[in-house]
Structure formats: C-alpha cells, structure tokens
Amino acid sequence: MTDLLVWPILLPLLASLLALVFPRRGDWIGGMASLAVLISAAWLVHSVWDNGVIAVALGGWQPGLGIALRADGLSSVLLLMVAIVALTIGIYATRYFDNAVVRARFWPLWLLLLAALNALLLSGDVFNLYVTLELVGLTAVALGALGGSRDAIVAALRYLTIGLLGSMAFLAGVVVLYAAYGTLDMVALASVVEDRPATWVALMLMTLGLLVKSALFPMHFWLPPAHANAPAPVSAALSALVVKVAFYLVLRLWLDVFTVALHPATAWMLGLLGAVAVLWGSYRALRAPRLKLLAAYSTVAQLGYLFLFLPLLAGLPDGPAREAAFGAVVLFALTHGFAKSALFLGAGVIQQRAGHDRIEELGGTARALPVTTFVLALSGIALIGLPPSGTFLAKWQLLAAAVETGQWVWIPVVAVGSLLAGAYVFRVLGHAFAPGDRDGSALAAGREELPALALALVATVVLGLAAGGLWGFLDFAAMSPGGAR
Amino acid sequence: MLATTIIYGFAGICLFVLGLRGVLLHTTALARILALNVCGAGVFLLFVVLAYRGAGMTPDPVPHALVLTGIVVAVSATALALALARRLREIDHD
Amino acid sequence: MSELLWVLFDLVLAGLTVGLAWVAVATRELRRGVLLFVGLGLLLAVIWARLRAPDLALAEAAIGAGIAGALLIAALRDEIGVSAEPEDGYTASRRLVDLGAIGLLLALSWGLLDAFLLSDGVRLAEGVAERLGESGVINPVTAVLLNFRAYDTLLELAVVFAAVLGVLSVGPARPALEAGSLVLTGLVRWLVPILVVVAGYLLWVGAHAPGGAFQAGAMLAAVAVLLRLGGVAHAGLPGTAATRWLLVLGIGVFVIVGLSVMFADRAFLQYPGDIAGVLILVIEIAATLSIATALALAYLGGRPVGWEADCDSPQHRVNRGAADRGGDA
C-alpha cells in the first residue's frame, strides 16, 4: 500500500539511467517514464484523498534511525503538478531540441531532475532533504547550461555557486537541529522542538538557504539570467518547478516543523521582502527587452506574492480563515507553475520561429502564431490574476486575510503589483498584435504549440474551477501536529 | 562539554564562516569553488564534533555517515563547477 | 597531565586548520590557494582520525584531498595564460560581508552552544548500536550508509551521476598529455596494480572495519588519474557503451535490490536479515565501479573522444559538429 510512495522517485531515476545507456531511445524512454510518473502521482493523490497522510519507513527502520517518505495534501498536489507540467514540457522538448545529440544530453538530466523534485517533495528527513536539494540544484544547473552560449554558462556557474551556498546554510541548520534534538526526522522534530536559541538559529540558517534557492528579493539576482538563458523547456521547469519546491520547503518547515518557534516579526520580515519582490520584479518585467527575461522577472514577482502569505498565516488563528489562506497560497503556487511554464514554452516557440524574442519586434506574431499568442494571453490572465484563473481566487483570499488580520499594508502592494503585471502582459500582447512582416503561413500547432496551450488552460480555467476541491483536500490531509492547519 | 568539542566546534564554525565570506568576496570561479569547499569542510567538522563523545566512548556513527555523503556531494559539485569554468575559458579563448 | 597535552594538541591542530583555511581563501594567487586547500584536506584527515572517525579520515584523504585536489590542480593547468579578470560582475560590499560573517559566527556559536546544553549527547548512537546486529555488517558507519540510511546513499549516487552528466554535456574532454617521462611511466606501471588491490581491500574490509565503496571508488579513480598522467588518453576507461553501463551500474543495482525485497512483501530497501551482508556487498561492488567511472570522467573534464558517436541516426550525423560546440541549433 505505502509502496506507492517510492514510484514517483524510482521511475524517473531508472528511466534516467536507461536514457543514458540507450541514447537514441531518449524520446521514447522519457515519454513513457513521464507518463508513468503522472500515473503514480495521480494514484498517490487518490490514495491520500482516501487515507489522509501516508508514510513509509524505508528499509523498515523506524524513522529517526531510518528515513521516512511522507505525503500529505500539500506534497501530493505539488507532486501532481510537477508530473503534469513535466510531461507536457517533455512533449514540447522533443520538438524544441531538433538535434538528436542534444536530446541525448537532455533526457537523462531531465528525468533525473524529475526524480529529484519528487524526492524532495516526499522526503521526511532533514538531512535527506539536503541531498535532494543538491540533486535538484546540480541537475537544474546542468540543464540550464545545455544551450552552451557564453551567457548560459556564466549564468549556470553563478546559479551553481549561489545554490551551493544556500545548501551549505541549510546543512548548517541541520547540524544545529541534530545537535539539539538528536533526530533528523521531521515529524519527530516537530514534536520535540522548543522555542529557544538552538531552534531559532537552525530555522534562520535553513530559511536563509531556502530563500536563496527560492530567489526571494534581494537574493533574486541569479534567477533572471539563469532562467532567461536556458533552453525554453528548461526555463519553464526552472521557473515553474525548481524555485517552487524551495518555497514548498519554507512552508513545510515553518508551518509543520517549527510551529512553536514561529514569531510574527520574522514572518513580517519575509512578507516585507516579498512585497518588495512583487514591486521590483514586476517593474523589471515591464522594462525587460526580451520575452524570456520578462518571464523570469515575473517569476521573481510571483514568488514575492507567495511570501506575502507568511505573515498572514502567522497572524491567523487555527480555523476556517487560516485554512482558506493556506489553500490560497497552494493554489497560487500551482497556478503560477502552470502559467509560467506555458509562458516560457510560448516564448520558446516564438524564439525558434522568429530567431529572437525581442518584445519590440514581436509584430505579426498574432497572425503567424495565433495559438501561441492565445497562450501568451491566457498565461497573462493568470499572472495578472483575472478571473477565472486560480490566481484570482488566491489573491482574493490574500486580500480577505489581510483585512481579517488588519495587515492592511499588503493591499496596496497586491493592487500595484497586479496593475504592473497587467501592464507588462499588455505590453507583450500589444506588440504581438501589431502588424509585422512575418508571413502568415507559419501555422504550427501540434507538439510545438499544444503543450503550452494545455498548460495555460489548466492555469486559467481548470484550477479556477477545481479550487473548491483543493481546499477540502488540503484541509483533510494535513500533516501538521494539530491535524487541520 | 568536552574541551575537544569546544575547540574543534569553534574551528568548524570558523571554517564555515570563512568559506561563506570567501564565496561572496571572490570574483573568479576557481576561487569561489575553493571557498565553497572550505565552507563545506566547516559544516562537516561540526558534524564530526557532534559524533565525538570522549576518549572512552564509541562515537555516534550517524554524523560520520552523513559527512561521508557530504564529502562525495561536495566533490561532485566541484567537478561540475570546474567543467563549467573550463568551458567558459574555452569560449573566451576562441 | 596527558589531558592537558591533548588539549594543547587540539588547540594547535585546530588553530593550524583555521589558519590554513584563512590563507587558502584569502589568497589572490590561485595556485597557492589550491595547494593550501589540498594541505587543508590532509589536516582534516588528521582531525577525523583524532575525533575517532577513521572512515572519514580515509575518505577525506582519498576524495576530499586526493580526487578534489587532482581536479583542482588539473583546472589550474587550464588557467595558465588566462588573465585573472573577474568573470562575473557581481561582488558584494566587503564591509557588509564582514559584518554579516561576524554576525553569523556569533549566531552559529550561540545556537550550537544552546544545542549542546539541551542535548543528552547520546543522540542516535545508542539506537544504531542496538540494531547493529540486524544490519548485516559490523562497521557501524557502513551499517548507517548502506542499511539504516541506505536511501540517502542511493540519492548520493544520483548526485554523482547528475554531476557527471553535467560534465559530459558541457564540453569535450581535455586533450591528453603526451606520454610522460620514463620515470613517471615506470612509476605508474608499479602503482596501478597496487592501487587496484588496495581498492579491492578497502571495499571488502568496509563491512567490518573502516573503508567501503566510496573510498574504494576513489582509489580506482586515482588509478585513472595516474594513467592519464602517464599519457594514457582514455585513462583506463573501456569503450563508450561499456562506460555508460558502468556509470549506471551502481544506482541500477541499488534500486533493483531495493525493489526485489519490496516485491517480497517488505519495505523498499528492507533487506532480509540473513542475506543483508551479501546484498550490501553486491551494492557496494556496483557502487564502487560507478563512482570510479564517474570520478575518472570528471577528471577528464568532459566527453571522451567518440562519446556521442551512437547518439543519432545516420542522417543527423552531419549536425554533430555544431552540437559538439554546444549549440542547440
């Protein structure tokens, strides 16, 4: 029964090995494995839906001595998002990388990244989390450098250095935790941590490491070059999934493990950084000369919103209002995952068709690539937060929580951030709809454009409609000590 | 607390901080990679200090295993970083 | 009296280590930095031995100082003739960093001090000792690495695999050195068989004494480094297809063993007690070969000649030149 926890990790791991040994079968191996991961993720969500939190003690040793894998509502929905987004990006990648040699480099790394993301989401042990963080980091860096241009290598090198620094800070936090409490298991830690200096220092070090990895302002500087210079399918995964799992860990540590040591002042500080990220990221996105750079800065801004939820969650007492806010932050993360990967894939299509992605020169795109232009518009709706996207509902809850807790200061931030997002989205669309010298016959669709369309539709329509179910699911299958959050 | 614990514990903290500072202040890739390795060595030293329980006692093997894992992870990351740095130099030379 | 001598010894060793690290990090001259770093690795190996971590002393000498040192020295050789101008525009303000560093030093000291006051000092030591008999091995570190926390080690092999995949995708390998002097080739001929035997011994002994797959793998990788220095271009690696299989062998065997016991109604990686020792040895042999292959490729610094010859169908071969220069078309 609990064995199903290992499949989302082992399937892509084994497929990665096969993709290296049989380099010419990469597309087939990668496709089958991504599909199998999706099935195992759906199965996992279904099982969590039926049973609540599920766990397995690997090696049969009790957690503490051994390592446990665990899945609750939060980790299983994120796992499902990773599986869907990865499968869709994988389909696009078979078209994007038209050179078989580059595809042979892509697949083993890509499948390994998928295994790493799933391993991170399911891990129940803080040292094991460090290993998964490193695995995610190294595969992401190697994938980001696949383009091979000078800019890509420089960005990858910086991404690697900064990422390693973040992991080291995280590991230093793990040392302090093990020194104080003698265990590495997260559930065991949650029941023994006390509100005292050792805990504060550990929490500070781990959070610092994760903030670097989730690119919260002012530690965001590595993200735009890394995400803008990677090949489009990789950029999509970096923005939609890789930074997202670092945020997931912040959420997990703060809400489930260090609950007793969580002081409103700390949450406020992260909220303030999030607010600056929203404004700064949106502003830079508005000024970005290239579509992929715009998408990357927009990621900085959207991650800022996620951090805005922390002071609200810290300020709300357990109850329906807090559950609503918690559901909203997850919905926001999911919607951004789908919308941003759609935007990057659309940018990839435009870049390959036009030979560039300079926003000023997008004229004629709407006529030449109507489907991709529609994708830009749909993902734009989700980034701004217009109905019926998931972001709309999430922002609504964010504002409601701000009113409820009296933290009025976040309201103008959300308002200005949304206006700026509207401005950068319409700037792109304005240029795309402008007349241009593209010939109108380049109607593509198929494996090139449909993956992005599917992702954009999930972000704008499906998540908006399915949000109610999400809230119920998260509430039912929560891992925190008190049951519901 | 044992004197040994305090002495090597403080040394570990120093290595960690020195390495961190080095990464932030250096500009060349190779120097940063060196500093990262020093930073890691500091954390590993802290783990081993935790494991040490005095002359007459068997040490806790768990931190030793964690550090072994950490050393291998560090060398892997170093290898990737050096390969990227070399590629960059090649591009600049062409 | 001897207590005091030990404290003095600890003070000198710790002080030397911190001093060496300081200079290694502060120096602007990369050659000196790298050499000091290798020295630092050797000092750390002494510290591990002093703190009763012989497994780590071996690993540090073989991997931390040995292989990492070889990688860094090879990188130094590439650096010759390159101006030391910054590659990366970003630098933080020195004063701010110093302030942050002091703050971090104080915070970490405070946190650890509090942690030590809080803890009973036993942690998981007793738990491991109690269950050691069921692990299939006698060396407690091997028991943690390959049984209690075997999953960590599986992912660690995946990290090694990820790094080597990255190295292979970044660019072609360094050109080989021309055949070395007679003295060097003679030395290599003597050392290689000795190192192979030592690697085999370390692997075997890991079950009950310090040693194991990682130390043994590093020894085998040292063979590759020596061969390369002696002028052997392929560094002892077999052909492309065989090398690919060697790379995936460790993880493959690990997962297959883990799944086989799972299909026998146990948890993933829950070895049956009576054959645990054998299974661990099988996993370790496979892991040793994969680690050695990965480290050898890392030392080559990129794709060996002919690595991607079989990646594409014949009609695409023409494009390979472009791909080798890293373009994704």
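## Where chain A meets chain B

Bear in mind that this is a predicted model. The rule picks out two residue pairs in polar contact across the interface of chain A and chain B, both at pLDDT 80 or more.

Q: Which helices of chain A each supply at least two residues of the side that touches chain B?
A: They are helix 5 (126-144) and helix 6 (150-181) of chain A. The largest share comes from helix 6 of chain A, with 17 residues.

Q: What makes up the side of chain A that touches chain B: how many nonpolar, polar and charged residues?
A: You get 22 nonpolar, three polar and two charged residues.

Q: How many residues of chain A and of chain B are in contact?
A: On chain A there are 27, and they are in contact with 30 residues of chain B. To count, heavy atoms have to be within 4.5 Å.

Q: How much area do chain A and chain B bury between them?
A: About 2500 Å², with 88% of it on carbon and sulfur atoms.

Q: Why is the pair B:Asp92 and A:Arg150 called a salt bridge?
A: Check the distance: the closest N and O atoms of B:Asp92 and A:Arg150 are 2.6 Å apart. The cut-off is 4 Å between a side-chain nitrogen of Lys or Arg and a carboxyl oxygen of Asp or Glu, so the pair qualifies.

## One residue in a loop

Q: Where is A:Ser389 found?
A: Look at the loop between helix 15 (370-384) and helix 16 (390-405) of chain A.

Q: Why does A:Ser389 count as buried?
A: Its relative accessibility is 0%. Buried means under 20%, so A:Ser389 passes the test.

Q: Which residues is A:Ser389 in contact with, leaving aside its neighbours within four places in sequence?
A: A:Ser389 is in contact with A:Ile381, A:Ala382, A:Ala459, A:Thr460 and A:Gly464.

## Over to chain C

Q: How many helices and strands does chain C have?
A: Chain C has 12 helices and zero strands.

Q: What share of chain C counts as buried?
A: Of its 329 residues, 53% do. Each of those has to come in under 20% relative accessible area.

Terms used: Residues are numbered from 1 along each chain as its sequence is written. Chains are lettered from A and ligands numbered from 1 in the order in which they are written. This is a predicted model: local features need pLDDT of at least 70, side-chain atom pairs count only at pLDDT 80 or more; totals for chains, interfaces and linings use all residues. Side-chain values use heavy atoms; hydrogens and water are left out. Helices (H or I, at least four residues) and strands (E, at least two) are DSSP runs, numbered from the N terminus. Buried means under 20% relative accessible area, exposed over 50%, partly exposed in between (1.4 Å probe, protein chains only). Buried area is the accessible area (1.4 Å probe) that two parts lose on being put together, summed over both. A polar contact is a pair of N or O atoms within 3.5 Å; within protein, one must be able to donate a hydrogen and the other to accept it, and residues adjacent in sequence count only if both atoms are side-chain atoms. Ala, Val, Leu, Ile, Met, Phe, Trp, Tyr, Cys and Pro count as nonpolar, Asp, Glu, Lys and Arg as charged, and the others, Gly among them, as polar.
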